[in-house]
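Please have the sequence and the 3D view ready side by side. This report goes through selected strands, helices and charged pairs in turn.

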Amino acid sequence: MRRLILSAVMALLPAVAQADRITVFAAASLKDAHDAIAADWQAETGHEVAISYAGSAQLAQQIAAGAPADLFVSASEDWMDDLSAKGLVIPGSRVDLLGNTLVLVASGRQAALVDLATLDIAARVGQGKLAMALVDSVPAGVYGKQALTKLGLWEQAEPFVAQADNVRAALALVAAGEATLGIVYGSDAIAAAAAGEAVTQVAQFPPDSHDPILYPMALISTSVPAAEFAAALQGADAQREFAAQGFVVLR
């Protein structure tokens with residue numbers, strides 16, 4: 001059904017809207033997978049893909065302010081809803097592309113595992129920090145605060161929280177040893193391990209401790225290549241790449 005919708009949208013797009021270069025705004029956590037998928041798609045089609053990565057809140061605000069995006073892949077339903085309400089999403093093009101998990105990571109390659117039920121954040125963090133994406137606007141930070149609150153850990157965690165602009169910036173603080181712990185997506189932990197960074201996943205938050213983590217995708221412009229790239233992101237090859245990177249494949 002989703003492919004039929006995208007095909008219908010593509011059929012309605014005017015020929016004059018076709019372009020050789022498309023601009024994709026994508027949540028920072030998607031970087032490794034999107035870069036790999038885009039490279040393959042560019043080689044196959046000859047089109048160029050420019051991808052801007054940042055926190056979903058920042059990207060949505062840029063689009064609302066007139067930034068020239070063709071496709072938006074968000075880590076937050078709320079920010080996609082906001083753009084839809086403003087009439088900035090092409091009707092019928094929105095789909096839920098992926099899911100993810102939320103994990104606790106620690107600095108170091110062999111950090112000890114954590115039992116969230118008995119976690120003493122002050123003792124574990126020590127003189128360090130707990131790195132999180134912005135807890136009031138960036139999805140990973142919002143989910144992280146929800147999870148800590150549900151587990152009764154937010155009050156003890158809040159004094160140690162170091163907020164970053166996006167989830168990859170929070171991960172970087174942990175990898176650099178500037179934060180003892182961090183809350184990121186499971187895919188981020190896998191990306192860090194693949195890159196040989198000094199980060200260890202030490203716990204996974206229960207799925208019921210936070211809202212479902214979904215990545216909605218929608219067209220912002222009437223670019224035919226953008227619609228084709230959106231369809232490619234749902235194809236078998238792309239889905240295998242997403243799964244290998246630790247994302248939850250929904251189909």
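Gln 201 lies in strand 9, which covers residues 199-204. The model is a predicted one. Gln 201 is partly exposed, with a relative accessible area of 36%.

What does Gln 201 touch, leaving aside its neighbours within four places in sequence? Its contacts are Val 103, Leu 104, Val 105, Leu 113 and Ala 189. A distance to Leu 181 can also be given. Gln 201 and Leu 181 are 20 residues apart along the chain, and their C-alpha atoms are separated by 9.6 Å.

Strand 1 (residues 21-27) pairs with strand 2 (residues 48-54) in the parallel sense, over seven bridges. Within this pair, Ala 27 has Ala 54 in strand 2 as its bridge partner. Strand 1 also pairs with strand 3 (residues 71-73), again in the parallel sense, over three bridges. Here Val 24 stands opposite Leu 71 of strand 3.

## Salt bridges

How many salt bridges does a search of the whole structure find? The search finds eight. Side chains of opposite charge can pair when their charged atoms come close.

One of the salt bridges joins the side chains of Lys 31 and Asp 35, at 2.6 Å from N to O. These two residues are four apart in helix 2, so about one helical turn separates them. An α-helix has 3.6 residues a turn, so residues three or four places apart point the same way. Lys 31 is partly exposed, with a relative accessible area of 35%. Asp 35 is partly exposed too, at 32%.

Asp 32 forms a salt bridge with Arg 168, and their closest N and O atoms are 2.7 Å apart. Asp 32 belongs to helix 2 and Arg 168 to helix 8, so this pair ties together parts that are 136 residues apart in sequence. Asp 32 is partly exposed, with a relative accessible area of 32%.

Arg 168 also meets Asp 188 in a salt bridge, at 2.6 Å from N to O. This pair links distant parts of the chain, with Asp 188 in helix 9 (residues 186-194) and Arg 168 in helix 8, 20 residues apart. Is Asp 188 buried or exposed? Asp 188 is buried, with a relative accessible area of 0%. Through shared partners, the salt bridges join Asp 32, Arg 168 and Asp 188 into one network.

## Helix 8

Helix 8 spans residues 167-175, and its buried residues are Val 167, Arg 168, Ala 170, Leu 171 and Val 174. Why do they lie on the same side of helix 8? They cover an arc of only 155° around the axis, which puts them there.

Asn 166 caps the N-terminal end of helix 8. One of its side-chain oxygens lies 3.0 Å from the backbone nitrogen of Arg 168. After helix 8 comes Gly 177, with a positive phi near 80°.

Helix 10 covers residues 224-233, and seven of its ten residues are buried, so helix 10 is largely enclosed by the rest of the structure. The buried residues are Val 224, Pro 225, Ala 226, Ala 227, Phe 229, Ala 230 and Leu 233.

In helix 11 (residues 236-244), Ala 238, Gln 239 and Phe 242 are buried. Their arc around the axis is only 100°, which puts them on the same side of helix 11. Asp 237, Arg 240 and Ala 244 are exposed on the other side. The buried residues of helix 11 pack against helix 2, strand 4 (95-99), helix 10 and strand 11. Gly 246 follows helix 11 and has a positive phi, near 95°.

Note on methods
Residues numbered from 1 in each chain as written. Predicted model: local features only at pLDDT ≥ 70, side-chain atom pairs only at ≥ 80, totals over all residues. Heavy atoms only, no water. Buried < 20%, exposed > 50% of the residue type's maximum accessible area, 1.4 Å probe, protein only. Arc of directions from axis to C-beta. Polar contact = N/O pair within 3.5 Å; in protein donor to acceptor, adjacent residues only side chain to side chain. Pairing = 2+ DSSP bridges. Contact = heavy atoms within 4.5 Å. Salt bridge = Lys/Arg side-chain N within 4 Å of Asp/Glu carboxyl O.
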